[in-house]
Amino acid sequence: MTRRKLVGAAFFFALFGAIAFLPPLVLLFRFDARILGVPIETVYIFVLWTLLVGGARWFSRALPNDEPSGTTQADGKP
Amino acid sequence: MTLTADLVIATAIAYVGLLFLIAFLGDRHTRDRAGGFLRSPFVYTLSISVYCTSWTFYGAVGSATRNGLEFVTIYLGPTLVFIGWWFILRRLVRISHDQRITSIADLLSSRFGKSSRLAVLVTVLAVIAIAPYIALQLKAITSSIEAIATASEFGRGSLEGWDEVGLALGVAAGMAVFTILFGTRNVDAKEQHHGVVAAIALEAVVKLTALVAVGVFVLYIGGGPEAIFDSAESAGLNIHASDTFGDRWIASLLLAAAAIICLPRQFQVTVVENSDESHLRTASWAFPGYMLLMSLFILPIALFGLTTMPAGSNPDMFTLTLPLAAGQDGLALFAFIGGFSSATSMIILESIALSIMVSNHIVVPIMLRLTSDDGIGNGQGVRRLILNARRLSIILILGLGFAYFYLTRESDALAPIGLISFTGVAQFLPAILAGLFWRDASTKAAIAAVSVGFVIWLWSSLMPSFASSSPMVAMIMEEGPAGIAWLRPQALFGLDRLDPLAHAVFWSLFLNTTVLIVGSLITNQSALEHVQAALFLNVFRRAAGETSPLRGSATADDLFLVARRVLGHGRAVALFSEEAKQARMPWTSLEPSPAFIHRLERELAGSIGAASAHVMLSKVVSGDAVSLEEVMQMADETQQAIEHSQELERTSAELRATAEKLEIANRQLRKVDLQKDEFLSQVSHEVRTPMTAIRAFSEILLSEQDLEMSARKRFTATIHAESLRLTSLLDEILDLSALERGERPWENRPIDAEEPLEQALRVCDALARQNNTLLRAGTRAASARVSADPDRLSQVLINLIANAIKYNGAIKPEVEVRSRLEGTNYVIEVSDNGAGIPPEERPRIFDKFYRGRLGEAAPYGGAGLGLPISREIIMRMSGRLELVPDTHIGACFRVTLPLIVSEPAVQPEKQKI
C-alpha cells in the first residue's frame, strides 16, 4: 500500500470507528440477547473497542515515519 | 472493621510523600541520564491517562447506575481521537515543538497572530471551566473519606467536628501546598516536568490496578458476569440500554473527543510534555487500551452494587463501599488510594497547566508593565516573579474549585459536574481545528467565536448547576430571565426537546462555529496572522529545517521572521544557515550572537536603510514594548515607502518625457514665429514700394500747382497703377492667408475639368494678343471628371498661362496648353518657349514673394504670390502643381488632378478648409 493510501485507510478507520459507535449503527445491537449473560449492546461496544485498539496498534506501526522536524532535540533540554 | 478515617488520611499523606519522592528522583534521573526509562512511550501513555480521574474511578460507576452504558462515551471519544492521532494530535505535537508552545492558550494565541487578547480570554475561560472539575475531585476525595469514616467502628476520629465542607477545604488546602511543592520548584523554558510526569505515571498504574482489583473482586464474589447480570435483572433493573443511544450519547461522545484535545492538563501531558513524537504512535493504541481496561469492570461493579448495597447508598462510592461492606479492609484501602491517586494526579496536573497559562498570559504581562525594567533585568528576578505568579495561580484555581464545590454541595452526582467542564473547554475546539486546517481563520473571528461559546456555556451549562442552592437560578430556569421564555437556560430559543447536556453542547458549539466561520470570512488577517497560519498549516510540508523558526531564545524566531520579511525567504535562510555553520551547531538551536545581529542589521540596512534596520532590530532584540507585529508593520510600511518612491521615479520620468515634447513643440513654434516675422517683413517691403511711389507723386501733385496737364495726368495714372498693384497685392496676401488658415468655405464638386481650362484660355486670349504671343492649343482630353472648385481651378490656370505669356521673353513667343488622362489622373501642362527658369531658381519658385529675375524686371510684376496661391489651391483639390524638370526650351508647369473613379452618385463633397 502506498503512503497515501495508508494515510487514507487510517482516516477511514477512525471515521468508521466513530460511525460504528453512533446511532443508527449502534441501534442495530439493541435487542434482547445476551452473550455469557452480558447484554448484546454492551458486548458490541466492548468488542468493537477492542478491535479498534488492535487496529490502532497495527496502524501505529504501518504509518510512515515523518521527516524529523529539525527542532526536536534528542536530549530535549532547552 | 479496623479501617479508620485517621488511618486513610495518614495513608494518603504517606502516599503523597511517596509521589513527591518519585517526582524528585524522576527529575534527578532525567537530569543525570538524559531520560532513559522515564522517556519511554509507556510512561508517556500512562501520563496521558491522567484523563481518568476520580470521575472515572468513582463517577463512572455512579453514572452507570443512573444511565447505564452511557459512561463509556467519555472514553470512546478520546479513543477515536487517539486512533486518528495522525490527523490532529500529530499536528499539534509537531507545531508545539516547532513553535515552543507551552499551553492551549499559547497554541491559540500563537496561531492567531500571537494575539494576547485571545490568550487571556482562553486562560480565563479555562480557569472558570475547570473549576467544576476541580470541585468534582474535591468532592470525590471528601466523599471517599466520609464513606470510610461512616463505616468505621471507631467513629470519625480526628475528623470529629469536621463537616463535609471543612473536609473539602482541608483537602483543597493540602492539594494547593502539594501542587506548589510539586509543580513550581523550577521554571523550564519548555514547561516540561519530568518528575511530575513520572509521579503521574505511577498514579496511573495505581488507579488502574486498584480499579481492576475491585472489579475482579466483585466478579469473584458476584459469581461471574452472568450471575451479576442475572441477579440485577431479577432485582428489577433494566440491564439493557433502553434510551441510551440518543442525543446525550452523541453529545457526550463529542464532548469527550473535544476534551481530550482541549483540557489544559491533557494538552500539557499529550503535547507539551511530549519529548519524542514517536511516543504518540504507542499512545495511539495503548491509551485506548488503558481506558478499555478501566471501563471493563464499571458495569459489573455498578450492577453488583445496585443489587447488594442497601437502598440510598451513594452509587458514586460503590468502588470503595463494596470492599468495605465485604470486610476487605486491605482492598478498600487500596481502592481509596486508587481514587485518591486519580484525584491528585488530575488536580496536580490541571493546576500546573492552568497556572502556566495564568502566569504566562495574565500575571507576567501585567507585572512586567507595572514594574520598572531594573527590577526584572536579571534572570533571577523574572524567575522568582514567574514562580510566585504560578503559586498564586494554583491557590486561585483550587480556591475557585472549592467555591464551586461549596455552591453546589447539595447535588451529589459526580459525572454531570465533569460534563459541565467538558462543555466549557470544548469551546476551544472550533478555533483549534480551524487553526490547524483553515488558513483564513482570523483572530477577530476566533475571539468572537470563543466568547460567544463561553457566554452560552455560562448561561445554559454552568448556571443551571447552581439551581439547587440558589432559588433565583431555579426561577430563571423555570421561567426565563424576567419572564422571557425563549431565554430559559435549558430551552434557548424555544428548543426544549433536547436533553439539557445535548442542548448546551448544540447551541454553544453551533453558534461558536458559525461565528468563527462567518467572522473569518468578513474580517482580514494581519501580516503576523498570515505568517503564523502558514506555519501551522504547512507544518509537515516543508523540508526539514527550512522554514522552521529558530529554536534557542524567542528572539531568534523573531529575528528570522523579520529577516525573512525584509530580505525574502532565500536570503534569510542563507544568512542564518551560514551563521549556524560558523557557530558549529545546528541552525535550529542557534542563539543569535551580537556579531550576528550586527551582520543581520547590515543586511537589513541594505534593503530598508540603516536607521530603520537599527530601530527594527533593536526593538526585536531588546524585547521592547513594541511587539513583533508592530515591527512587521514597520517592515511593511518601509516596503510601501520604497514602492512609493519607485512610483515617484516613474512619475518624474513621465514628466521629463512631457518636457521634452514641450521643448520640441516650442522649437516648432519659434520656427513658425520666425517664418511669420520673415513674411511680415516681406509684406512690408512689398507694400512699401508702391506706397512710396504713390506718396511721392501725390506730394508733387499737391505742391506743384502749375504743373502741366499732361504731366499731372501721367502722375495720376502712375498713382492709379501703383494703387492697383497695391490692392492686388493685398488681395493676394489675404487670399493666401485665408487659404493657409483654412478660413474660407471650400466646395469641391464633380466637374468636367476641361471647362475651366477652356474658360482660362478664353480669358488669356486677349492678353496673348496684346503681347504678340501665340497661344497654341495642344492635344486635349475629351473630358475629365474631377472633384474641384471650377472658379478656383480656372484661377490657377489663368495664373499659369498669364505667367507664361508675361515672362516669356522669346522673340517669337509661344505658349502651349495641353491636357490628357494619365492612369487615374487628369494632367494639364502649360509650357512656353521662353528663357525658362534657371536651375538655381527652380527650388524656390513656389516660395512666397519669390520672383524670378524676369519677374523682378517686369514692369507690373506680381507680388510673387501667384504660384504659392496656385499650389495651395491645387492641394485643396487633392492634386499637385509642379514645375516639370528637364525641359530643353522654356518652362513647363504641370497640374495633376485625380479623376473621380466611381461615378456620378458622388455627392458634392463639402469640405471646410
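What percentage of the 78 residues of chain A count as buried? The share is 21%, where buried means that 20 or more other C-beta atoms lie within 10 Å of a residue's own, exposed means 12 or fewer, and partly exposed falls in between, with C-beta atoms placed from the backbone. This is a predicted model, in which local features need pLDDT of at least 70 and side-chain atom pairs count only at pLDDT 80 or more, while totals for chains, interfaces and linings use all residues. Residues are numbered from 1 along each chain as its sequence is written, with chains lettered from A and ligands numbered from 1 in the order in which they are written.

View 1. Chain A has two helices and two strands, and from the N terminus on they follow the order α-β-β-α. Here helices (H or I, at least four residues) and strands (E, at least two) are DSSP runs, numbered from the N terminus. Look in the loop between helix 1 (3–21) and strand 1 (34–35) of chain A for Pro24(A). The peptide bond from Pro23(A) to Pro24(A) is cis, with omega near 10°.

**View 2. Two residues with positive phi.** Most residues other than glycine have a negative phi, and most peptide bonds are trans. Leu36(A), not a glycine, has a positive phi of about 55°; you will find Leu36(A) in the loop between strand 1 and strand 2 (38–39) of chain A. Leu36(A) counts as exposed because it has 9 C-beta neighbours inside 10 Å. In chain B, Phe493(B) also has a positive phi of about 55°, and Phe493(B) sits in the loop between helix 21 (471–479) and helix 22 (500–522). With 9 other C-beta atoms within 10 Å, Phe493(B) is exposed.

**View 3. The largest nonpolar core.** A nonpolar core is a set of buried Ala, Val, Leu, Ile, Met, Phe, Trp, Tyr and Cys residues joined through C-beta atoms within 7 Å. The largest one has 208 residues, and Leu108(B), Val122(B), Cys262(B) and Ala446(B) have the most contacts inside it. Helix 7 (residues 116–151) of chain B gives the most to this core, namely 21 residues. A second, separate core of 37 residues includes Val786(B), Ile801(B), Met877(B) and Cys892(B).

View 4. Leu108(B) belongs to helix 6 (residues 104–111) of chain B and counts as buried because it has 25 C-beta neighbours inside 10 Å. Contact means that the C-beta atoms of two residues, placed from the backbone, lie within 7 Å. Beyond its neighbours within four places in sequence, Leu108(B) touches several residues, including Val122(B), Phe428(B), Ile432(B) and Ala446(B). Leu108(B) and Ile447(B) are 339 residues apart in sequence and 9.9 Å apart in space, C-alpha to C-alpha.

**View 5. A five-stranded sheet in chain B.** Five strands form an open, mixed sheet in the order 2-4-5-7-6, two strands being paired if DSSP finds at least two bridges between them. Strand 2 (774–777) and strand 6 (880–883) are the edges, each pairing on one side only. Strand 5 (residues 825–832) and strand 7 (residues 892–898) run antiparallel, joined by seven bridges; Tyr826(B) stands opposite Leu897(B) in strand 7.
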